[in-house]
Amino acid sequence: MSSQIPPPTTAGITPERFSETLFFARDSRIAIVILTIFMAVGFGLRVHDLGAESFGEDELNKLRTVEEYRANGLSGKNGEHPFLMKGLQTLSIAAAERVNAAMLVNGPMISDEAAIRFPIALFGTFSSLLIFLLASELFGRSVGLISGVFWAVEPMAIGFDRIAKEDSLVLFFFLLTNLFLIRSQTGAERGEEKWLWKAWAAAIGFAALMASKYYPHLLAISGAYYHVFKNVPGKRWNMEAKRWLIFFAVMGVAFLFLNPTILLPETWREILKFSGENRIGHDSYEFMGVLYRNQMTAWLSGVPWTFYYVFIAVKASTATLLLALIGLPLLFRRQMGDGRYFLFFWAFMWFLPFTFLGGKFTRYFTLVEPLLLISAAVALIWMTTRISARLPTRRWAIAFHVAALAVVVAFPLWNSLQAAPHFRLFTNSLGGGRSAAGSYFPHDEFYDASSRDVVGKIAEMIQAPATIATETPELYRYYAGKLGRDGLRFVSLSDRESVGQLTSGDLIVLARGRRYFSNDAFWIDLHEEGGRLVAATDLAGIPSTRIYQIDSNKKRTK
């Protein structure tokens, strides 16, 4: 290995790495100003109309857990997931209540939906900064700046940061962990005496990652990068056995501090249920109009291995996608330096298992989306370097750099502005554009976003007590309670016994993204079974749900 990998200098990067090609990246202050502007834009996109979509089923579970914490103290409720995100959401809900109380009666109110999602939007925004810093350590400030800017405005990234799920937090702390780890390497190679403190900070960062989601395997990425340089002659970055023991001790203490609910027996019971796949609420996932088993242990018999590759192809902004395809082979060039090895381990240890595992959701891609953006940034810098070298004057080169950044960033920014506030529905021209939105990954694209509107329509149509069959009865029950319609009875569309008791006047709700093996018959031949369409909802013109009313006494037996 030592004969193949050049000796590490700064963060293990050879002198042939990209220089600060972009003129506005040569001065760190200018780069920070540019990044800050785009981060502000990205934050605005992430929090704009953050409560526009109703809760997803998982988000409601988080709200219920927050209510449990506030009423009775810490508990093991929702214990299959760590405490950190729910702790942040508890603070956010409490802060929103204070802000709402301080506002004028007719002033805008912060909804529970917005409050429960705000911490993720905030951390997602600052992931731009961490991507900038990490990519700068690996490939230089020019690549770091473009990568951070892409994250700020890319519709795919914004969509992930607008749902109350742990994946964006995992990415934030993964980036933070490895930023400190690689800076400890940089410090060691430069002869800094206190480089170990950065290693201990990396341990705390990974503890925060584990307190966000139980992903211990991600430490293998950092460990593999360290191991590659372990036997390089002359290297100073040495985490001998004693130092690794301190690393894990620091991590353990920080983990207990950030995830105190791990000490509760109820938490362990929930974890065991979840790890045994006993908490899977539905039997399948709809991908490109076809239903597949959605279990990790289904392997290649589950959701197809092409899932994430199709996702990249149809959900990335077209300009970003094209640049990433150009940048990918460039990353294999020796001139890119040793930082590329970290990216290789990152990609290998995510794509390999998730290609073959049978359980998939699009939000899992959050962790590796920066790889796509860094690859795109590498391509942009590579092209601007060659073109600007042929321009007659420095002034022309500067103008070209500004124009190149403006043009390339304009595409994802425009896509995001067009998609707002339903960013997950964005589909690029390769995927069919707006006309194909919601047809590839309906569960993750719609994510129960119309539930509040559906319940509102039902409340208007039905004045007497009635039964409504839906795949998310608890979610509908919550919104019915908000409207004071506790008399409405909701049952699961997959519960054959309950559905078989529906009679004339009762309703069936078919929500896109909630089609499963257990209810597929209703999607195929509902009209033949005595139902009529009485209402429908959409998200910015894209159909999301259909509401049918039974107009005969024919029993529902499917």
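1. Met288 is partly exposed in this predicted model, its relative accessible area being 45%. Because that value lies between the 20% under which a residue is called buried and the 50% over which it is called exposed, the intermediate label is the one that applies to Met288. The residue sits in the loop that runs between strand E1 (285-287) and strand E2 (290-292), and, although Met288 is not a glycine, its phi is positive, at about 55°.

2. Trp299 belongs to the loop between E2 and helix H12 (307-315), and with a relative accessible area of 48% it is partly exposed.

3. For the peptide geometry, the bond to inspect is the one joining Ala420 and Pro421, which is modelled as cis, with omega at about -5°. Pro421 itself is placed in the loop between helix H16 (394-419) and helix H17 (442-446).

4. Ser128 is a residue of helix H4, which spans residues 112-139, and its relative accessibility of 1% makes it buried, given that the term covers values under 20%. Which residues does Ser128 touch, once those up to four places away in sequence are not counted? The contacts of Ser128 are with Leu35, Met39, Gly148, Trp151 and Ala152, so that the surroundings of this buried serine include Leu35 and Met39 as well as Gly148, Trp151 and Ala152.

Technical notes
Residues are numbered from 1 along each chain as its sequence is written. This is a predicted model: local features need pLDDT of at least 70, side-chain atom pairs count only at pLDDT 80 or more; totals for chains, interfaces and linings use all residues. Side-chain values use heavy atoms; hydrogens and water are left out. Helices (H or I, at least four residues) and strands (E, at least two) are DSSP runs, numbered from the N terminus. Buried means under 20% relative accessible area, exposed over 50%, partly exposed in between (1.4 Å probe, protein chains only). Contact means heavy atoms within 4.5 Å.
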